[in-house]
Number of protein chains: 2
Amino acid sequence: MIDFEILEGCPVFKGIKHGEIRLLFKDIHYRIRAYKKGELIAIAGEPALHLFIVLQGSVKGEMIDYSGRSLKIEDIEAPRPLASAFLFGTDNRFPVTVSANNEVSILLIPVQEFLKIMQRNARVLTNFLNNISSRSQFLSQKLQFLNFKTIREKVAFFLLQHTTDRLHSMELKATQQQLSEMFGITRPSLARVLSEMQREKLFIIEKKTVTILNKQKLREILHYG
Amino acid sequence: MIDFEILEGCPVFKGIKHGEIRLLFKDIHYRIRAYKKGELIAIAGEPALHLFIVLQGSVKGEMIDYSGRSLKIEDIEAPRPLASAFLFGTDNRFPVTVSANNEVSILLIPVQEFLKIMQRNARVLTNFLNNISSRSQFLSQKLQFLNFKTIREKVAFFLLQHTTDRLHSMELKATQQQLSEMFGITRPSLARVLSEMQREKLFIIEKKTVTILNKQKLREILHYG
DNA sequence: ATCAAAATGTACCAATTGTTACAATAAGAA
DNA sequence: TTCTTATTGTAACAATTGGTACATTTTGAT
């Protein structure tokens with residue numbers, strides 16, 4: 001049985017009371033599955049036949065190339081849908097391999113059933129459209145990011161994106177290892193560039209806090225780098 | 001006045017007769033605008049308040065990064081929607097700057113009005129969902145491709161993707177210069193790898209025809225780097 | 001406080017790609 | 001054909017990144 005109050009917090013059901021959500025699920029087929037830490041939830045290339053909603057725990061999506069190297073795309077925490085942008089389309093397959101970060105519980109709704117729900121409730125429809133649009137924008141940004149050639153450019157872009165004109169410092173929530181996976185590079189390479197850029201007084205890293213010292217130079221790296 | 005027969009060919013209205021499309025537009029506010037060659041249609045960063053459908057002519061989308069370099073150019077010809085994946089979402093702004101390739105006529109439907117149309121007709125809804133999903137998948141594939149580290153891997157992937165088990169040859173429709181741009185590398189680097197791989201008898205290029213000689217080895221490049 | 005594990009800094013060398021330049025060939029127009 | 005331009009092949013060197021290894025620091029649990 002679904003705990004509909006959890007779904008209130010899910011972007012797809014945002015703004016709908018759990019009582020109403022319960023009504024939407026009347027006569028709808030669905031299934032709930034539990035996964036253990038590390039277990040595979042979906043494999044890249046597999047057809048996406050259900051809407052997956054993470055009810056509990058968090059999952060990891062990564063692209064794995066033929067040589068086994070991975071590019072981590074993102075973590076998805078409860079209560080959020082996953083692979084929503086790949087439910088429809090002419091070739092509706094998972095583009096990423098998804099695995100459980102910890103104990104995970106997932107709600108599976110067949111595509112056709114979910115279509116019914118969207119027709120029943122306009123709010124779910126706009127929520128879902130918002131959700132997949134945001135994903136497109138996310139992928140677009142990711143693409144733009146990977147297009148930056150050098151590690152210096154990636155670092156400069158990352159720092160500028162995470163600070164404002166007023167606030168010149170940010171907290172790193174990821175380790176260098178995780179950052180390097182996001183950037184699609186190796187950890188020592190990232191460390192080397194970070195120390196070079198710090199030697200040039202572009203910024204300083206203390207513990208987990210990055211403080212920008214020369215925002216203008218960082219911008220120039222993207223302009224002429 | 002809209003020529004509804006043109007819209008029959010638009011992915012968003014696929015499978016709907018023009019008489020029915022006409023009914024869908026009853027009481028719907030819309031606008032048609034003409035643009036001259038070279039004129040700006042939308043600027044990156046601008047909020048997307050309307051669904052844009054190119055009725056006549058073709059438009060060009062350019063992604064411009066901080067340095068002013070244009071990253072990618074996409075042409076959209078009539079009758080197709082543009083930036084459909086960016087209509088919704090929390091930050092619904094144009095990711096690209098769009099300009100007219102020639103004399104262009106564009107149908108502008110306000111977001112709220114288009115939502116009404118989708119609620120009136122389930123086919124438009126699924127068409128639109130398919131459209132955005134396909135776009136996401138396109139971006140995803142692009143990401144996966146850029147994720148291949150070496151030029152050898154990119155070449156191997158490209159060739160395997162364009163040949164079948166039966167047919168071992170393909171026609172190159174692009175010059176090395178264009179291919180290298182698709183791959184995100186320089187032209188001499190591509191040429192070097194192409195000649196190395198030919199020396200290893202993995203394939204041969206004659207004029208514009210590529211013939212695979214050792215498909216097994218190409219696969220191994222992707223498997224073991 | 002103490003210890004083990006995780007994370008970080010750094011160095012060395014190999015591999016890959018970029019840059020630049022120029023010759024050879026192919027394609028297209030007059 | 002003949003000429004011009006675009007495309008391709010290739011070389012030498014520079015720049016960047018990867019791979020590996022190890023010392024140091026930080027973190028977190030006991």
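Predicted model: local features only at pLDDT ≥ 70, side-chain atom pairs only at ≥ 80, totals over all residues.

Me: Okay, what area is buried between chain A and chain B?

Reply: About 4000 Å² is buried between chain A and chain B, and carbon and sulfur atoms give 63% of that area. The contact takes 43 residues from chain A and 46 residues from chain B.

Me: How many salt bridges and polar contacts are there between chain A and chain B?

Reply: The count of salt bridges between chain A and chain B is zero. For polar contacts, the count is four residue pairs, both residues being at pLDDT 80 or more.

Me: And which elements of chain A give two or more residues to the side that touches chain B?

Reply: Those are α3 (111-120), α4 (122-147), α5 (151-161) and α8 (215-224) of chain A. The most comes from α4(A), with 18 residues. By class, the side of chain A that touches chain B has 20 nonpolar, 16 polar and seven charged residues.

Me: Let's move to sheets. What is the strand order in the open sheet of four strands in chain A?

Reply: The order is β1-β8-β3-β6 in chain A, and the pairing is antiparallel. At the edges are β1 (31-35) and β6 of chain A, each pairing on one side only. From one strand to the next, the twist averages 30 degrees.

Me: How many bridges join β1(A) to β8?

Reply: Five bridges join β1(A) to strand β8 (residues 104-110) of chain A, and the two run antiparallel. A:Y35 stands opposite A:V104 in β8(A).

Me: Which strands of that sheet does α3(A) touch?

Reply: Packing on the sheet, α3(A) touches β3 (50-56) and β8 of chain A, and the direction of α3(A) makes about 80 degrees with that of β8(A).

Me: What about the open sheet of three strands?

Reply: That sheet has the order β9-β11-β10 in chain A, with antiparallel pairing. Its edge strands are β9 (169-171) and β10 (203-206) of chain A, each of which pairs on one side only. Here the twist averages 15 degrees from one strand to the next.

Me: Over how many bridges do β10(A) and β11 pair?

Reply: β10(A) and strand β11 (residues 209-212) of chain A pair over four bridges in the antiparallel sense. The bridge partner of A:E206 is A:T209 in β11(A).

Me: Switching to chain B: at what angle do the axes of α3 and α4 cross?

Reply: Helix α3 (residues 111-120) and helix α4 (residues 122-147) of chain B have axes that cross at roughly 115 degrees and come within 5 Å. The contact is made by B:F114, B:I117, B:M118 and B:R120 of α3(B) with B:A122, B:V124, B:L125 and B:F128 of α4(B). By class, that contact has seven nonpolar, no polar and one charged residues.

Terms used: Residues numbered from 1 in each chain as written. Chains lettered and ligands numbered in written order. Heavy atoms only, no water. Contact = heavy atoms within 4.5 Å. Buried area = accessible area lost by both parts, 1.4 Å probe. Salt bridge = Lys/Arg side-chain N within 4 Å of Asp/Glu carboxyl O. Polar contact = N/O pair within 3.5 Å; in protein donor to acceptor, adjacent residues only side chain to side chain. Nonpolar A, V, L, I, M, F, W, Y, C, P; charged D, E, K, R; others polar. Pairing = 2+ DSSP bridges. Axes fitted to C-alpha atoms, helices over the stretch in contact; angles between N-to-C directions.
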